[in-house]
Every structure is written in structure tokens, then in C-alpha cells.
Amino acid sequence: MIQLQILVSGKVQGVGYRYYAQMKAIQYGINGWVMNQGDDAVKIVATGTKADLEQYMEELRRGNPFSRVDRLEYHECEHHDDWQSFTIKY
């Protein structure tokens, strides 16, 4: 299992993007969380297989019909948390 920290920026707040990220995570068997950042970005910490995370990030880049993703950055985390689901943090 791999854990990634992902930062998505663009029009991703106030458009249902966190819910979209959660639903896609569930679809691909990804565990972790998503939350808004103060700078109009969304932060995601996601744990899964390399193949599932690659597909998940493709979906994140695509976004939902109301969002616009300008940038997606990610890096692998050294510390792995053991989440059992994918949640939205407020």
C-alpha cells in the first residue's frame, strides 16, 4: 500500500469537489480523507495500491462538472496512517 498527500487547486471549493473526491475514493477502494485549505485548494491524504491511486488521481484531475482543476501536486508520505474509510474533514 502507498500513501499520497495530494493538493488540488483551481475551482475546487464550494462546488462539491470534496464529496466527489470521497465518492471516487470509495469507488477505487482508497482510504484517507479530504479537506478544504485556506488558499482555495483541497488537500487529500489517500492510501491504496499504486494502480488504484493512479486511477483515482485521473478522476481527481478530471473533477466533477462544477469544478475546474488547474493543478494537482502529490508526493508519497513516509508515515502511513491506517484508515479504514475515506472521510471529509471540516
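Glu59 is buried, with a relative accessible area of 11%. Here, buried means under 20% relative accessible area, exposed means over 50%, and partly exposed lies in between (1.4 Å probe, protein chains only). The model is a predicted one: local features need pLDDT of at least 70, side-chain atom pairs count only at pLDDT 80 or more, and totals for chains, interfaces and linings use all residues. Residues are numbered from 1 along each chain as its sequence is written, and side-chain values use heavy atoms, with hydrogens and water left out.

Glu59 forms a salt bridge with Lys24, and the closest N and O atoms are 3.8 Å apart. Glu59 lies in helix α2 (residues 50–62) and Lys24 in helix α1, so this pair ties together parts that are 35 residues apart in sequence. A salt bridge is a side-chain nitrogen of Lys or Arg within 4 Å of a carboxyl oxygen of Asp or Glu. Helices (H or I, at least four residues) and strands (E, at least two) are DSSP runs, numbered from the N terminus. Lys24 is buried, as is Glu59.

Glu59 also meets Arg62 in a salt bridge, at 2.9 Å from N to O. Both residues lie in helix α2, three residues apart, which is about one turn of the helix. Arg62 counts as exposed, at 54% relative accessibility. By the rule above, the count comes to four salt bridges. Another of them joins the side chains of Arg68 and Asp70, at 2.8 Å from N to O. Arg68 is partly exposed at 45% relative accessibility, whereas Asp70 is exposed with a relative accessible area of 51%. Salt bridges that share partners join Lys24, Glu59 and Arg62 into one network.

Arg18 presents another case. Its place is in helix α1 (residues 17–28). Arg18 is buried yet has no salt bridge. The nearest side chain of opposite charge, Asp40, is 11 Å away. Lys and Arg count as positive, and Asp and Glu as negative; His and the chain ends are not counted. Leaving aside residues up to four places away in sequence, Arg18 touches Val34, Met35, Asn36, Val42, Ile88, Lys89 and Tyr90. Contact means heavy atoms within 4.5 Å.

Strand β2 (residues 31–36) and strand β3 (residues 41–48) pair in the antiparallel sense over six bridges. Two strands pair if DSSP finds at least two bridges between them. Asn36 has Val42 in β3 as its bridge partner. β2 and β3 form a hairpin with four residues between them. In the turn, Asp40 has a positive phi of about 65 degrees. Strand β5 (residues 86–88) runs parallel to β2, and three bridges join the two. Here Gly32 has Phe86 in β5 as its bridge partner.

The structure holds two aromatic pairs. The rings of Tyr17 and Tyr20 have centres 5.9 Å apart and planes at 40 degrees, so this pair is tilted. Rings of Phe, Tyr and Trp (its six-membered ring) pair if their centres lie within 6.5 Å; planes under 30 degrees apart count as stacked, over 60 as edge-to-face and the rest as tilted. Both Tyr17 and Tyr20 are buried. The rings of Tyr56 and Phe86 have centres 6.3 Å apart and planes at 70 degrees, so this pair is edge-to-face. Tyr56 lies in helix α2 and Phe86 in strand β5, so the pair ties together parts that are 30 residues apart in sequence. Tyr56 and Phe86 are both buried.
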